[in-house]
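Please look at the sequence and the structure shown here, and keep both in view while reading the explanation that comes after them.

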Amino acid sequence: MTDRASISFTKPVTKASGTLVAFAGADLTLGPAARRLGLEALVKRAAETARFTGKAMSTLDLIAPADAGLDRLVVIGTGKPEDLDEKDWVRLGGVAMGAIGKAKSATIVLERPDGRKLSGDLAADFALGVRLRGYSFDKYKKPKEGEGSSKPVAVKIAVAEMAAARSAWSGLSGVADGVVLARDLVNEPANVLGPVEFAAKAKALTRLGVEVEILGERELKKLDMAALLGVAQGSARPPRVAIMRWSGGKAKDQPLCFIGKGVVFDTGGISIKPSAGMEDMKGDMAGAAAVTGLMHALAARKAKTNAIGIIGLVENMPDGNAQRPGDIVTAKSGLTIEINNTDAEGRLVLCDLVTYAEERFKPRFMIDLATLTGAVIIALGHHHAGMFSTDDDLAVALSSAGAATGELVWRLPLGADYDKLIDSRFADMKNTGGRAAGSITGAQFIKRFVKDTPWVHLDIAGTAMDSPKTEINQSWASGWGVRLLDRLVKDKYER
Ligand code: BES
Ligand code: ZN
Ligand code: MN
């Protein structure tokens, strides 16, 4: 991983020098700080030539402008400042970092072009965008000729509410670290990151005050997690389950529970996948990565809540010992499953974890995240995760957290007619329900293991990896879900 931005906050600067970033509204107005630096005439003149109109997220780049004593001036459009919402400040941070590029250092004159106060929280959101845009996964590439130093850019954010910004960033930088951790885990190839190695990454959260238990094969057998173990049995690498506990709430507060699919590589097993694009299946642990990143975020910012993250780490391989289509396993809950397709393995991992979580922790809710189906990409593309819920309030809260962070969810239906599709001739259920409504039957399968705890399933196959580049993510893995769930917790579940 490379973090290209090293961020600090300062008071508004009084002299323009070096690389400067400023903001312009739709009518090319600059904020008071930029005007005090005498940038107005220069921006007006250059904007005309470059046809820069101040449209939100657009940029105007001036190298060595003659006046103003600068090496470079980057102007970023905000559109009409009153149209900017919260998540747009994160995006603006991304745009700024994208424009700064390879500079050694830069000063950002952060303000609203309409002169209204910019809160410390929004300034920290902006910094989050800078940080996330500066992420790249290049640890396996040797630096290009002439690009010797990969030293981070010193990004100075000059903002009137400096103290408030610093204090907001001290929490939010932990969330940024959580996103970066999730991206790193998803980008890492499966030969390097197997179940054992992933479990060690979870264990490392101990240093933030997270209690981490790792369950190995023996313990999982003792716990009767036969559905999960069935997926793992074709792999030379043994499975692990990691349980991460953050206790930032009162002892009697019921915990929130987050469960992640961690298939470190999904070949499909005996129902083997076609070879084209199979390399992407190194990312089939993105649910587990998001849960781990979230636990990092909650602990780093000392969230006042009790939260538990549970991740099921397995590899789905074809082998002499692999599970066969037609096999019947008895899940931890006692329900029997006919495996009619070994490529529908994620639900087999999750169902045992759901039973375990509900029995052991009696959580306030359970939210699972999984790259569960290709079908959700067909339904929603890369811009919304599929959401399934037994609880309307929780679904609404997640939709709001999605709108606030830009990590969007779209609710899809559950129902008895869909549930019927996974009835089996031989067992209590089968693990796939045919081509129609593939994401829904996946959700129905997991739902059969939920007793009475409010539950949400997020199908993140389209959003966690290989989604289009954005202002705040240029990497293959997006780290999707960390910001969404951190936001849900912050808005609804902290005292
Ligand atoms: N990991 C895949 C789903 C997936 C596909 C994630 C593309 C990311 C990108 C999952 O285990 C899977 O193979 N699902 C099957 C389900 C089917 C057999 C019912 C699928 O989507 O084809
Ligand atoms: Zn899978
Ligand atoms: Mn699969």
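The paragraphs below go through the metal sites and then the surroundings of a ligand.

This is a predicted model, in which local features need pLDDT of at least 70 and side-chain atom pairs count only at pLDDT 80 or more, while totals for chains, interfaces and linings use all residues. Residues are numbered from 1 along each chain as its sequence is written, chains are lettered from A and ligands numbered from 1 in the order in which they are written, and side-chain values use heavy atoms, with hydrogens and water left out.

Donors here are N, O and S atoms within 2.8 Å of the metal (3.2 Å for Na, K and Ca), and because water is not among the atoms, sites may look incomplete.

The manganese ion (ligand 3) lies 3.1 Å from the zinc ion (ligand 2), and aspartate 266 coordinates both. The protein donors of the manganese ion (ligand 3) are Asp266 (OD), Asp343 (O), Asp343 (OD) and Glu345 (OE), at 2.0 to 2.2 Å, and its donor residues are spaced D-x76-D-x1-E in sequence. Why is the arrangement around the manganese ion (ligand 3) irregular? It is irregular because the 6 donor atoms subtend angles of 70 to 166°. Six donors count as octahedral if opposite donors are over 155 degrees apart and all others between 65 and 115; four count as square planar by those limits, or as tetrahedral if all angles lie between 85 and 135 degrees, and anything else is irregular.

A polar side-chain atom of glutamate 345 is 2.8 Å from an oxygen atom of ligand 1, and an N or O atom in the side chain of aspartate 266 is 2.9 Å from an oxygen atom of ligand 1.

Methods: Polar contact = N/O pair within 3.5 Å; in protein donor to acceptor, adjacent residues only side chain to side chain.
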